[in-house]
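Please look at the sequence and the structure before reading the points below.

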Amino acid sequence: MHINQDYILDNKTVSVIYVPLCNVFDFILVNYVSQSNSMRNASSTYRFLLIALLFLFPVYLSGQYLENPSFEGEILMIGPPNAWDICIEGSTPNVQPGKYNVYVPPSDGNTYIGMFTRQEGTWEDIQADFLVPLSKDSCYIFKIDLAYQQTLTYNSVDPIMLRVYGDDVKCEKQNILWQSPIIDNTDWITFEFLVHNEDFDITDLVLEAIFNNQNYPTWGYILIDNIRIEPTPLIDLGNDTTIVECDGGTGFDLEAGEGFAQYLWQDGSNGETFYVDTTGVYWVQVTTSEGCTASDSIEVVFEEYEEMQIVTSGDIEICLGMSISIGLDVSFGSPPYVFEWDGIPDVNDTIIVSPDTTTTFYVTITDNCDGAMTDSIKVTVLPLPEIDLGNDTILCGSDTLMLHAGGGFYSYFWQDNSTDSTYTVTENGTYWVQVTNENGCAAADEIDVSFFPPVEVNIGNDTIICLGDSIILDPGNGYLDIEWQDGSTNQTFEVFETGFYVVMLTDINGCEGIDSIYVEVDDTPTVVDLGNDTILCGGQTYLIDPGFYNQYIWQDGTTASVYNVTEAGTYSVNVLGDCNWATDSITIGYFPPVQVDIGSDTNICFGQSLQLDAGFGFISVEWQDGSTSSTYNVYESGLYFVEVEDVNSCLGSDTIMVEVASEVDLGADTSFCEGETLDLDAGFGYDIYSWNSGSNGRFENIAETGFYWVDVGYTFGCPSSDTVYVELMELPVCDIGDENNLCEGDTLVLHGPEGVFEYYWNGVQGGPNLIVAHGGTYQLLLMNSCGDDSDEVEIIEYHLPEVDLGEDILLFPGDEVQVNAGEFASYLWQDGANGQYYLVSYDNCPDSLEVEVFDGYCKNTDIINVEVYNVEVPLVITPNGDGYNDSFLPIGDFTGIKENKMIVYNRWGEKVWESSDFLSGWDGKSNGKFVSGGTYFWVLEVKYGTENLSRIYKGSLTVLGTE
C-alpha cells in the first residue's frame, strides 16, 4: 500500500490510497484527513468514487468466469456448444440429452456435455477461454457436476475419468488442475477442488476424458454439466451503516472473522477486529494458511441527530368487513423507533385494522434518542351492496329455476365464473353470486336447490292374454291423483281387449309421472314337432327339444323342457302354448356298440418297440397322431389311443398306457467348491441302484475329485449305467502383494494367484499378471464358479528428478566452467565422480558431460557436449613477396568453425579489408595497392559447432616492408 497523492474535495484535504486486491481490480480508498460538519457531503463523495470504480471494472465484479458454464445450446451429435471449442482433432463432444439414448436430466439448465474414450486409444476434449482470468495470486473453488450412463444406443461403455487443465496458452495441457476419480455414479454428483496457481494467470480451460487404465483402452463415456467457480476465501464486514449520535460519539468493533492466518486493515494493523468511532471507509484483507487472500470494505457514517420526519400511508376508504394495513415511514431521528397506537397493543410501524365504522387511528413514535412525534390515519368504512337470492327451494324431476341477483350493480360473479344478473338452475347444488357496487364493495348470497326424484310409475310390461281372459292394471299406492286413458280415476283398470293403456299419477310432493302398456289378446292354436324317427349307435344319447312353451308333460310324466334319450323306444310330449295344448311323438332305435381292444397298459425297455393292433372289419381307423393304419408301433412312453368306425357309421375307441424304461443319466462332468460336497442323482423310478462305491441308493455324496458311475435296473429288467467326472474347485483367494513404488517412464508387474480363475484388473478381463506404467489404484477381482475375491494396491508414481546441466559448453584457452547438477540424494558422473559439482577446463575436458542423479525414489540422466576451440593470428606481417610472413592468416585448428568474418581498420577507423573467408588471408593491399607500413586493427567473428556459438576476437597488427 502507498499514498499516491493528496487532493482537495469539498474544501477538505483527501488522501487517495491505491490498494491492489488479489490482482482482480484496483480499489481506491478516500480518507478524509480533516473532518467537518458536512459529513453527508463526505459520504456522498465516498459513494461517488466507489460507484465510479465499479463502473470502471464491470466484468471483474460480475462473477461470471465462463461464457457458457452449463453447456447450454442446441442438442447435437457433434458439438461443441456455444463458447466452447475442441483441441484434439476428431473430438466430437455430444450436446445432451437426446443422443445415443442418453436421457439423464440436466443438473442445471437444459443441456450438458458427453465425451468418449475409444477402444482404439483415442479420446475427446473440450476447451473454453476464461472471461476473467484466474489470477495467479488468488484462490478459487472449482465445482463441476459429473455422471455416467453405461448403456448407449449401440454398445455399453465403461466409467472413465475427467482431467482438468488450466494454462495461459489455448489448448496447452501442461498445467493439470485436477483429475477426477472413476465416475461410475448414474446420478449427478458435484465434485470440487481448490485452484491456486502461483506461476501465471490462467486464461484457458481444457476438459479431457481419459481412460481408467492407459494400458487397456476401452469404450468409455462421461457426462459433464454446471461448472461453478467461486473465489475463496469469502469475507463480509456487513452492509454500509449510519450511526446517529444522540449525546456524543459512540463506536463499535468490525469483525473480520476467525480462522485466517493473517489480517491487514486499512491502517496497517493486523488484528481480528478493528474499532470504529469516526466516519470513513474501512477495509480488511485476510490471508488463509494456503496463501489465499480476500478483502471487503464498509462505509461507516456517524451523523448528528436530526428531528424525525414521518410519512403515513394516508387516509383510506375500505368496504365494511374488510381488513386493511396502515402504517408510516420514519426517517432521520435515531433508529430503532418505538410505535404506540392509541387503543391498540400492536407496536409495529404497520398494523392491520378492520373497523365497522369510519375511524381515525393515532400513533406516537419514539426514537432511540427519546424524540417523540404523533400522527394519525383516517379509515372511512363504505357500505356493502344488498343481495338476496331467496329461500332454499325444491324442484321436481327435470324442472328448472331462474335465480335473479337484482339490477343496478356494477358487476356480477356466479359460482361457475359466469357474469350475468340471472342464473338458470337445472340440478341439485348450492348456488352463490357476488355483486359489486359503484364503490367497489362486494357482497354475496347463496341458495340451496334440491330436486325431488321423478315419479316412477310401472303398470307392467307389454303382454299377451288368451281370448276370454283379462288382466288387472294397478300402479300401486301412495299417489294423490290417478287418471287412466279413458278419464277414469280408479286405483285399478281391467283389460279385455287388444290396445294401449295409459295412467297419469301425482305424488304427495306435487310431482307427476306417467306409464303405458300394450296388451294383445291371442286366439292362435299351439303346434309342436319332435322331428323324424331315428337310429343311434350304441352308447350314444339323444336330446329331444320341442322348443319354447309355457308347460311340458312327457310320456313318463316328467315336466322338463327337454328329454334325454339313452335307450330305444317311442317318446311323446304334451305342450302348452300361450293359450292351447298340443302333442307329438318320436321313435328312437340303437345299433350294437363297436368293440375295439389294443391291449392292457404295459412296460417295455429302452430301445424296444411294441406293435398295437386295432383289429379288422372297420371302414376307418385313426390313431392319436392322425395315422390310419390298422397297426401302430410304440417306441416312447405315453398314452396311445385309437378310434374306429364300423359299417353303420358307429364309432368305437380304446386307450393304452405304455411306459418305456428310461436310461440313467448323471449329467455332464461337473465341479464343486472346496469346503462343500456334491450329491449325484441317479434319477427317480428305478428299482435297483448300484454305485461304484458300493452304495445302493438313488443319491451318492461326493467329497473329492474323481470318476463316479452307477448301474440301475427295474424288477422287470431293463438295466443301464452312466459315468461322470467330478472336479473339486479351490476357492479364490486374491493377493497381489504390496509393491507400490514406480518411477515415471518405468513399469512394474503386478502378480495375481495362479489357478483356474477369471482375472479382472480394474473391471477389465485379463490374465494373472498386469504391467503397470502409471500410478493409481489397481484392483484385481479373482473369480471362478465357487465365488470371487479381490485385492487392491495403491501404486505411487514418482516424477523423475529434473536434472539440467545447461547448454553445451564452448571452451577457449584458459577457460574453465563449474557445472551444477542440482540438489539430489546422490550423483554419478561419466568418470565415476559423485559430487554435485563438476569442473571442466580448457586443458582437461571430456567430449561430453553426463550425470545420473537419484532423488531417493527415481533416477534421471542429462548429457551435454563440450567443444574446445583456439584461433591465433600473427602480430606482424611483411608483404614483400619473399614468401615469408607475406599474408595475415589465422593460425591453429579450425575444425568446427562454420562461419567467419574478418575486418581490418587503419588508425583512423577506416576499413581497408573485409572477408568472409579469412583462411585465404590478407595480402596487405587495399583497392589493389599495398597499404602504408604501420599499426592496423582487426576484428574477427567466428561461429562454432552445430549451434553456431559465436566468438569475437580483436587485436592489432603491424605491417612492415610495403614502401
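Tyr686 is buried, with a relative accessible area of 9%; buried means under 20% relative accessible area, exposed over 50%, and partly exposed in between, using a 1.4 Å probe and protein chains only. This is a predicted model, in which local features need pLDDT of at least 70 and side-chain atom pairs count only at pLDDT 80 or more, while totals for chains, interfaces and linings use all residues. Residues are numbered from 1 along each chain as its sequence is written, and side-chain values use heavy atoms, with hydrogens and water left out.

**Aromatic rings**

- The whole structure holds 36 aromatic pairs; rings of Phe, Tyr and Trp (its six-membered ring) pair if their centres lie within 6.5 Å, and planes under 30 degrees apart count as stacked, over 60 as edge-to-face and the rest as tilted.
- One of these pairs is Phe409 with Tyr412, which is edge-to-face, with 6.0 Å from centre to centre and 80 degrees between the planes.
- Phe409 and Tyr412 are both buried.
- Tyr686 forms a tilted pair with Tyr714, at 5.3 Å centre to centre and 55 degrees between the planes.
- This pair links distant parts of the chain, 28 residues apart: Tyr686 is in the loop between strand E51 (678-681) and strand E52 (688-691), and Tyr714 is in strand E54 (residues 706-714). Helices (H or I, at least four residues) and strands (E, at least two) are DSSP runs, numbered from the N terminus.
- Tyr714 also counts as buried, at 8% relative accessibility.
- Tyr100, Phe116, Trp219 and Tyr221 are linked into a cluster by ring pairs.

**A charge over a ring**

- The charged end of Lys925 sits over the ring of Phe930, 4.9 Å from the ring centre. The term requires NZ of Lys or CZ of Arg within 6 Å of the ring centre and within 35 degrees of the ring normal.

**Disulfides**

- A disulfide is a covalent bond between the sulfur atoms of two cysteines.
- A search of the whole structure finds 9 disulfides, each being a pair of cysteine sulfur atoms within 2.5 Å.
- Among them is the link of Cys87 and Cys171, whose sulfur atoms are 2.0 Å apart. The torsion about its S-S bond is about -80 degrees, so this disulfide is left-handed.
- Cys87 lies in the loop between helix H1 (39-56) and strand E4 (94-96), and Cys171 in the loop between strand E8 (161-167) and strand E9 (176-179), 84 residues apart.
- Cys87 is partly exposed at 24% relative accessible area, and Cys171 is partly exposed at 26%.
- Cys673 is joined to Cys786 by a disulfide, with 1.9 Å from S to S. This link is left-handed, with -105 degrees about the S-S bond.
- Cys673 is in strand E50 (residues 670-673) and Cys786 in the loop between strand E61 (776-784) and strand E62 (787-798), 113 residues apart. Both cysteines are buried.
- Cys743 and Cys858 form a disulfide with sulfur atoms 1.9 Å apart. The torsion about the S-S bond is about -100 degrees, so the link is left-handed.
- Cys743 lies in strand E56 (residues 741-743) and Cys858 in the loop between strand E67 (848-854) and strand E68 (859-868), so the pair ties together parts 115 residues apart in sequence. Cys743 and Cys858 are both buried.

**A cysteine without a disulfide**

- Cys734 is in no disulfide, and the nearest cysteine sulfur, that of Cys786, is 16 Å away.
- Cys734 is buried, with a relative accessible area of 9%.
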